[in-house]
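The entries follow the order in which I worked.

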Amino acid sequence: MQGRARSRSTGRFLTLAAAMLVLAVLSQQPWAAGARGTAKSVLAPLEAQMMSIASSVDRATAIFGDIATLRAENQRLNGENQDLRRRLAELDAAAYDNKELRQALDFQRTFGHRTSVAEVIGRGPDAFSRTLQIDRGSADGVGAGMIVVSGAGLVGRVREVGPHGAIVQTLADPQSRANVFLSGSGLQGTIIGGPTALQLQLEHRVGSVASKGEWAITSGVGGGYPRGLVVGDVVSVTHSDAATIDSAFVDWGNDPAALSLVIVVLDFSPS
Amino acid sequence: MKFVAGALLMLVAALVQVTWASQLEIAAVFPNVVLIVVIALTWTQGARAGLLWGCAGGILLDLNAPGPLGPHAVALLCGAYVTGFWARNLDRESPLHPAGAVAVSTVLYSLVLIASDRVLRLPIPTFATAVQLTLAAALYHAALMPLALIAVRHATAGLHLEPAAP
C-alpha cells in the first residue's frame, strides 16, 4: 500500500518537474519574452492591493498611540537626512571632478535625465534575488536595462518589463555589480551586491588608501550606470600593502525593504 | 471546492511572500511563506497534494522573480517530494520532524534555484553568500514550522480539506 503511494507520488513528481523544466526552457526563449512579461504583470494589481492593505493596517494600528505620527516624522527626517547625505556626496564628487573633465565627458547629472516615478508593489520571493516589482512597464516607456534611483541614490536596474509592471534588480542582489569611485581618495572599484553591506573591491594604488566615511559614487566606467550616482558610504576598509586589491564594505543608502517609491531614468541606455 | 480553496491558499501565501515577508527580515533572510505552506500541506495532506500545490505556488513565485517561469516550481516540488517521503517513513506527530523536513527542503530549494540559474546561464551568488543565506533561511523556516503547521491545520479544517492518506 505504502509502496504504491510512493510510486504514485514519484510519478507525479517526475511528471510535474519535467513539465516545469520544459516551461522554464520555453519561457526563456527570446520569442516568449512578451508573453512572459504579460504573465508577470498579471499579479501586479493584486500586489498593489496587498501593499495598500498593509498601509491601511499600519494606519489602523496607530490608533493605539502615536506610532504613525512618529513613523511619518521619522520617515520625513530620514528622507531629509538621505537628501542631505546625497547632496554632501555630490559636493564631494564635484570637488573631485574638475569642470573641464566633466565637459569633456559630456557628463550629465541625474537630474538632467527624463524620469518616471514608480510605486513599489512587490519584492523578490527569495533572498537570492533582491528584486523589486514596480507598477510601471513598457506602456509607460520603461525598458529593460534602465536605471532606477531614489532620493538616497542608486537603487538598481530594470531587469524585465511587462506592459504594466517591471522587475528591478537592486544593488543588494548578490548578482549586482556597479563600478564606482570614492569621493575622497578617488580610488576606483567595483561594488558587489550582498545581503547585508555591499562589498567593494578597490584598485590598489600606492600612496592612496580608502577611508571610512568616503562616498562611493558611480564612475560610469563600463557604461553600465551613468557617472555621479550616490551608492553609499564606506563603513570599513581592509588594506594590505602586499595585496593587489583592497576590499571595503559600503553601507547602501537605500533600504530595499522600506522603499515605496522609486524613479526610473528613462533616457539612459547602458552601453 | 477543494481545488479552489487550495488555489486561494497558495495565492494568498504568494502575495504575502512578495509584499509583506521582507518586513520579517532577520540576519539578511526573510521567510519563504510559500515554501513553509507547501511543506506544511505536504506534512498534513500527503505528498501528492503537496506536489500539486508546490507546483502552483512555485509558478506564482516565478511570476514575481526575474528569469524564466519554472525554477521556483521545480525547487518547491523537490522540497515537497522529500517531505512526503519523510512524512511516510517517520513519526508524523513529532514536532521535530516537520521542522527538520522544512530545513532540509530549504537547502534543497536553494540548491535547485542556484543550479537552475547556472543551467540557464543566469548569474549566481558567490558560494559564501549562498551558504550563509541558505543556512540562515533553513533555521528561520524550522523555527516557524510549528506555527505554520497549526495555521495550515486550522485553515484546511475550515476549508474542508480532508487529510490525505499517507
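I count two residues as in contact if their C-beta atoms, placed from the backbone, lie within 7 Å. I take helices (H or I, at least four residues) and strands (E, at least two) as DSSP runs, numbered from the N terminus. The model is predicted: local features need pLDDT of at least 70 and side-chain atom pairs count only at pLDDT 80 or more, while totals for chains, interfaces and linings use all residues. Residues are numbered from 1 along each chain as its sequence is written, and chains are lettered from A and ligands numbered from 1 in the order in which they are written.

Entry 1: a helix pair in chain B. I looked up helix α1 (residues 2-19) and helix α2 (residues 33-45) of chain B, which pack at an angle of about 150° with their axes 8 Å apart. Axes are lines fitted to C-alpha atoms, for helices over the stretch in contact, and angles run from 0 to 180 degrees between N-to-C directions. The angle makes α1(B) roughly antiparallel to α2(B), a term for angles over 145 degrees. From α1(B), B:Leu9, B:Ala13, B:Ala14, B:Val16 and B:Gln17 meet B:Val33, B:Val34 and B:Val37 of α2(B).

Entry 2: a helix length. I asked what span helix α5 (residues 96-119) of chain B should have. At 1.5 Å a residue, its 24 residues should span 34 Å, and the end C-alpha atoms are 34 Å apart, which agrees. The expected span is 1.5 Å times one less than the number of residues. After α5(B) comes B:Arg121, whose phi is positive, near 60°.

Entry 3: strands in chain A. Two strands pair if DSSP finds at least two bridges between them. Strand β8 (residues 198-203) runs antiparallel to β7 (residues 188-192), with four bridges, and to β11 (residues 245-252), with six. A:Gln199 of β8(A) stands opposite A:Ile192 and also opposite A:Phe249 in β11(A). A hairpin through six residues joins β10(A) to β11(A).

Note on methods
Parallel < 35°, antiparallel > 145°, perpendicular 65-115°, else oblique.
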